[in-house]
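Keep the 3D view open while you read.

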Amino acid sequence: MFGFLRSYFSSDLAIDLGTANTLIYVRGKGIVLDEPSVVAIRTEGGPNAKRTIQAVGAAAKQMLGKTPGNINAIRPMKDGVIADFVVTEQMIKQFIKKVHDSRMFSPSPRIIICVPCGSTQVERRAIRDAALAAGASQVFLIEEPMAAAIGAGLPVSDATGSMVVDVGGGTTEVGVISLGGMVYSGSVRVGGDKFDESIINYIRRNYGMLIGDTTAENIKKGIGSAFPGSEVRELEVKGRNLAEGIPRSFTISSNEILEAVTEPLNQIVSAVKIALEQTPPELGADIAERGMVLTGGGALLRDLDRLLMEETGLPVIVADEPLTCVARGCGMALEKMDSLSSIFASE
Amino acid sequence: MSEQYEDRAAQDEPEAACGAGRLLREAREASGESIGDIAHALKLSVRQIEAIEQERFDLLPGVAFARGFVRNYARHLGLDAELVVSRMPGAGAPVQRVELSPVANADGTMPDEDGERRVQRPVRILVIGMLLMLAVGWYFDWFQVDDRPVAVRNPQEKAPLDPPMPPEILTEGSGRGAPQPATAAVPSEPVRAPEPSPPAAELAVAPAPVEADRAEAEGRETGLDAPGSAVSSGPVGEDVRAAVGSHAGEPGGSGAMEAGAVAPAPAEPPPVPMEPTASGMERLVFRLAGESWIQVRDAEGMTLFTGVGAPGTERVVQGRGPFDLVIGNASKVELERDGVAVDLVPHTRSGGVARLKLEQAGQ
């Protein structure tokens, strides 16, 4: 009831609901929220036993892997799609509340939300339903490569081919765009999380040490590399020795990390090559001239552009502020949502 | 886009002297690499590298690509990429808005696959609006035509058609044995007497037949004593009842008929005998030997009568059963229902108050 009033007092939002981070763009204000997609849920005991949301975002991420039994820190998104519907819904609701100042009405905004281009109909419906359940009055979906290309400033509406590779937390999206639409889109479920997982496995296998997700992420950010460079860097890492069961520290080099992440990197390269194979020749010529654009947090992996450059023989550039490209692209679509329809995805 | 770059280049001319292109060229020359080497490393063409070094960014595919190429070039030479990018013309400018919709110079909607043209939005709104108006008009009877003949009715004709029926009637008849000529002669509620509606006429039957008999025996013709304002309640009521025949077999009817010979008030036309609309109407008669408080509610919970009766008076209440009765000082009250005495003793509680429910006749 009074939905129209609540939507009148709510600002339209664009949400990059990513596996690792959630960014919210508010119409007329820009990106106002950039938080990890993590929710900490506390289970209370006693006569009033219930489950309450302890924290969301950065505060909840700090709890990952360090929680007592009654707190569960959850990453509700996996591989770019919803893994836990209820927690995702609550997370979106909390984030929407954070970006709305009004306390008189509970916000009921129109929301543009991005989805992986490889997501199934059921997964898209789940994302839409989660946003609706979180209080959205209307939900529009946009595919991530399209949002990334818009955010990177590519001429998506021109009659030229633009290729974008968005390496996110859960998926890598490859899209070829021309005349405001997707000519080709491909998605592989490889992203930053897979890099972390590979690093954990590598260290367990070669060092007999067990490290957590957060440590693996820090290693990746610190000395991770996608292409062998002249400079070899090292990092001291602490973990639990599997044989002794005692925490130990050891030193690992960037070349070892490169070896660790080779397999997921090869999957990304394959996805890009498949996209180039599938691209119509006229657009392929444009891409050969301009190259492809890397966006997403994965683009920050050192020398990933160089790897793709060497593998494909094409120019590869990293977009400005690759982490926020998708959210900015969603935001630009939001600003023009009333006059645009072709860039939105159907279920 | 090229114009944009030319404009920016013109604005930033002094800065262009130590711009990104020059920085890159000097660094390349210092490293001893040729343009071809750079082009091969960056997978760009020689033309594009030359364009970067000459700061002819309009020859590059676009702002985003130009910045990316410069960043790659700087990294290749071991320079601070962001510093070099910041030397590009228009580097501090806000992010350029991207055109999202392709060029369009036509308008129109294609027909559906089945060949039917889609209804345009204004037409759809118009049609929906008209349907809405029709629905509203139907609801509020805007389109109803009154086909009944218009006739001028005088109030007297109109009166019998008036449907409202007072649910109750109160008349005070003559007290039993108490010589109250004025009360007996004049109907207790002369206001109601002129009402010609059938129920009202029937309700006007105040005195019980016994009363009528007594009046006859005493040689008093109550109606004659009426000051012309109203019909004597008894005779008229009996007259109506006789005509309707709804209370056949009631004792004392003949006496009432005789009393009914009294003419009605000259100002009033005789009430039209009509089939009683309220077929389930019942009559309760309370005879009060002492002061008593009476409350009568009908089947719908509506209070038909509530009040205090003086000793020696009689109250007649008509309505639809079943009735809820509360009678104070019940030992001093006799109750008749359609001429049949109702014993209040079993319902009388401490304090002399009787509470009872009279079920509908025949139940």
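## Salt bridges, within and between chains

Counting over all chains, the structure holds 26 salt bridges. Keep in mind that this is a predicted model. As a rule, side chains of opposite charge can pair when their charged atoms come close.

Let's begin with Arg75(B), which makes a salt bridge to Asp303(A), with the closest N and O atoms 3.4 Å apart. Because Arg75(B) is in helix α6 of chain B and Asp303(A) is in the loop between β17 (292-295) and α11 (304-312) of chain A, this pair joins two chains. Is Asp303(A) buried or exposed? Asp303(A) is buried, at a relative accessible area of 13%, whereas Arg75(B) counts as partly exposed, at 36% relative accessibility.

Arg75(B) also forms a salt bridge with Asp305(A), and here the closest N and O atoms are 2.9 Å apart. This pair crosses between chains too, running from helix α6 of chain B to helix α11 of chain A. Asp305(A) is buried, with a relative accessible area of 3%.

Over in chain B, Asp58(B) and Arg56(B) meet through their side chains in a salt bridge, 3.4 Å from N to O. Arg56(B) is partly exposed, with 38% relative accessibility. There is also a network: salt bridges with shared partners link Asp320(A), Arg67(B), Arg71(B) and Glu82(B).

## A buried arginine without a salt bridge

Now for Arg328(A), which sits in helix α12 of chain A. What is the nearest side chain of opposite charge to Arg328(A)? That would be Glu321(A), 4.5 Å away. A salt bridge needs a side-chain nitrogen within 4 Å of a carboxyl oxygen, and Arg328(A), although buried, has none.

The side chain of Arg328(A) does reach the backbone oxygen of Glu321(A), at 3.0 Å. Setting aside neighbours within four places in sequence, Arg328(A) is in contact with Ile31(A), Gly151(A), Asp320(A) and Glu321(A). Asp320(A) is also one of the members of the salt-bridge network described above.

The largest nonpolar core has 54 residues, and the ones with the most contacts inside it are Ile112(A), Ile142(A), Leu154(A) and Val70(B).

## A three-stranded sheet in chain A

Next, look at the open sheet of 3 strands in chain A, which has the order β14-β15-β16 and antiparallel pairing. Its edge strands are β14 (209-210) and β16, each pairing on one side only. Between β15 (residues 234-241) and β16 (residues 247-253) there are 7 bridges. Along this pairing, Gly239(A) has Arg248(A) as its bridge partner, and Arg240(A) stands opposite Pro247(A).

β15(A) and β16(A) make a hairpin with 5 residues between them, and Gly245(A) in the turn has a positive phi of about 75 degrees. Asn241(A), in strand β15, is buried at a relative accessible area of 13%. Its side chain reaches the backbone nitrogen of Glu244(A) at 3.1 Å. Not counting residues up to four places away in sequence, Asn241(A) touches Gly208(A), Met209(A), Ile246(A) and Arg248(A). The C-alpha atoms of Asn241(A) and Leu210(A) are 6.3 Å apart, although 31 residues separate the two along the chain.

## Chain B by the numbers

Chain B has 15 helices and 8 strands. Of its 363 residues, 38% are buried. Among the chain B contacts with a separation of 6 or more, 66% are between residues 24 or more positions apart.

Terms used. Residues are numbered from 1 along each chain as its sequence is written. Chains are lettered from A and ligands numbered from 1 in the order in which they are written. This is a predicted model: local features need pLDDT of at least 70, side-chain atom pairs count only at pLDDT 80 or more; totals for chains, interfaces and linings use all residues. Side-chain values use heavy atoms; hydrogens and water are left out. A nonpolar core is a set of buried Ala, Val, Leu, Ile, Met, Phe, Trp, Tyr and Cys residues joined through side-chain atoms within 4.5 Å. Buried means under 20% relative accessible area, exposed over 50%, partly exposed in between (1.4 Å probe, protein chains only). Helices (H or I, at least four residues) and strands (E, at least two) are DSSP runs, numbered from the N terminus. Lys and Arg count as positive and Asp and Glu as negative; His and the chain ends are not counted. A polar contact is a pair of N or O atoms within 3.5 Å; within protein, one must be able to donate a hydrogen and the other to accept it, and residues adjacent in sequence count only if both atoms are side-chain atoms. Contact means heavy atoms within 4.5 Å. Two strands pair if DSSP finds at least two bridges between them.
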